[in-house]
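Visitor: Could we go through this structure together? I would like to ask about it piece by piece.
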Amino acid sequence: MELSEKQWFVMRDLKRRNANSLAVHELAKAGLEVFTPMTQMIMTIGGRRQRRDVPVIQDLLFVHETKAALDQHVERNPTLQYRYQFGKSINEPMTVRAEEMNRFIFAVNNSASTLYYKPGELTKAMCGKRIRIVGGVLDSFEGCLLSMKGMRKRRLIIELPTLITAAVEVQPEFIQLVQ
């Protein structure tokens with residue numbers, strides 16, 4: 001890949017989740033396109049309980065930028081690092097294809113509720129029937145239904161392999177089985 005081409009880089013933020021300023025916020029302030037799946041958590045800060053948005057996976061974030069521009073931020077911030085794929089060279093940081101990343105972000109941002117799973121948490125038994133969404137905001141999305149005992153809501157599994165999986169809520173009337 002060329003250095004001048006924007007890509008979705010997979011990054012690590014080594015700060016604790018209760019830090020005042022996370023890398024995702026710092027990079028967003030600097031004008032970069034950044035995404036990390038967030039969840040709300042109640043924390044005690046200065047003796048007071050507060051609701052805060054924290055990353056679902058503490059050290060995982062995605063940045064859409066050129067490698068050259070991102071290198072400057074990595075040099076200035078010692079807790080920000082590239083993630084590397086095991087067995088690959090140190091000159092090849094992990095990236096996610098733009099189509100995959102945009103699809104994941106769209107699904108997560110347009111769902112009423114989302115469940116997140118770390119790699120390995122989702123078993124084969126939890127992947128149900130293969131479906132296609134027909135109509136609604138997630139029109140033409142395909143994947144598997146999340147199959148868990150006692151779960152009333154229908155959820156489509158959207159995955160960024162080896163990184164994170166999201167199960168987004170879908171309306172039953174938009175579900176079409178795929179053979």
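Visitor: Leaving aside its neighbours within four places in sequence, which residues is His-64 in contact with?

Guide: Beyond neighbours within four places in sequence, His-64 is in contact with Lys-6, Gln-7, Trp-8 and Glu-33, where contact means heavy atoms within 4.5 Å. This is a predicted model, in which local features need pLDDT of at least 70 and side-chain atom pairs count only at pLDDT 80 or more, while totals for chains, interfaces and linings use all residues. Residues are numbered from 1 along each chain as its sequence is written, and side-chain values use heavy atoms, with hydrogens and water left out.

Visitor: Where is His-64 found, and is His-64 buried or exposed?

Guide: His-64 is found in strand E5. Helices (H or I, at least four residues) and strands (E, at least two) are DSSP runs, numbered from the N terminus. His-64 has a relative accessible area of 16% and is therefore buried; buried means under 20% relative accessible area, exposed over 50% and partly exposed in between, with a 1.4 Å probe and protein chains only.

Visitor: Next, helix H2. Which residues of H2 are buried?

Guide: In H2, which spans residues 67–76, the buried residues are Lys-67, Leu-70, His-73 and Val-74. Because they cover an arc of only 120 degrees around the axis, they lie on the same side of H2; the arc is that of the directions from the helix axis to the C-beta atoms. An α-helix has 3.6 residues a turn, so residues three or four places apart point the same way.

Visitor: What do the buried residues of H2 pack against, and which residues are exposed on the other side?

Guide: The buried residues of H2 pack against strand E1 (7–13), helix H1 (23–29), strand E5 (60–65) and strand E6 (80–82). Glu-75 and Arg-76 are exposed on the other side of H2.

Visitor: Changing topic: how many salt bridges are there?

Guide: A search of the whole structure finds nine. A salt bridge is a side-chain nitrogen of Lys or Arg within 4 Å of a carboxyl oxygen of Asp or Glu.

Visitor: Which residue does Glu-26 form a salt bridge with?

Guide: Glu-26 forms a salt bridge with Lys-15, and the closest N and O atoms are 2.6 Å apart. The pair links distant parts of the chain, with Glu-26 in helix H1 and Lys-15 in the loop between E1 and H1, 11 residues apart. Glu-26 is partly exposed at 30% relative accessibility, whereas Lys-15 is buried with a relative accessible area of 19%.

Visitor: And what about Glu-142 and Arg-132?

Guide: Glu-142 and Arg-132 form a salt bridge in which the closest N and O atoms are 3.0 Å apart. Glu-142 lies in strand E10 (residues 142–146) and Arg-132 in strand E9 (residues 127–133), so the pair ties together parts that are 10 residues apart in sequence. Glu-142 is partly exposed, with a relative accessible area of 30%, and Arg-132 is partly exposed, with 29%.

Visitor: Which residues are linked in a network of salt bridges?

Guide: Arg-12, Asp-59 and Arg-83 are linked in such a network.

Visitor: On to voids. How many cavities of 30 Å³ or more does the structure hold?

Guide: The structure holds one cavity of 30 Å³ or more, and the largest cavity has a volume of about 50 Å³. On a 1 Å grid over the protein atoms alone, a cavity is a set of points where a 1.4 Å probe fits but cannot get out, and a pocket is an open set with protein on both sides within 12 Å along at least five of seven lines; lining residues have an atom within 4 Å of a point. Grid points are joined across faces, edges and corners, and a volume is the space filled by probe spheres set on the points.

Visitor: Which residues line the largest cavity?

Guide: The largest cavity is lined by Asp-13, Leu-22, Val-24, Thr-36, Pro-55, Gln-58, Leu-60 and Leu-61.

Visitor: Finally, where is Lys-118?

Guide: Lys-118 is placed in the loop between strand E8 (114–117) and E9, and is partly exposed at 42% relative accessibility. The C-alpha atoms of Lys-118 and Ile-164 are separated by 5.2 Å, although these residues are 46 residues apart along the chain.
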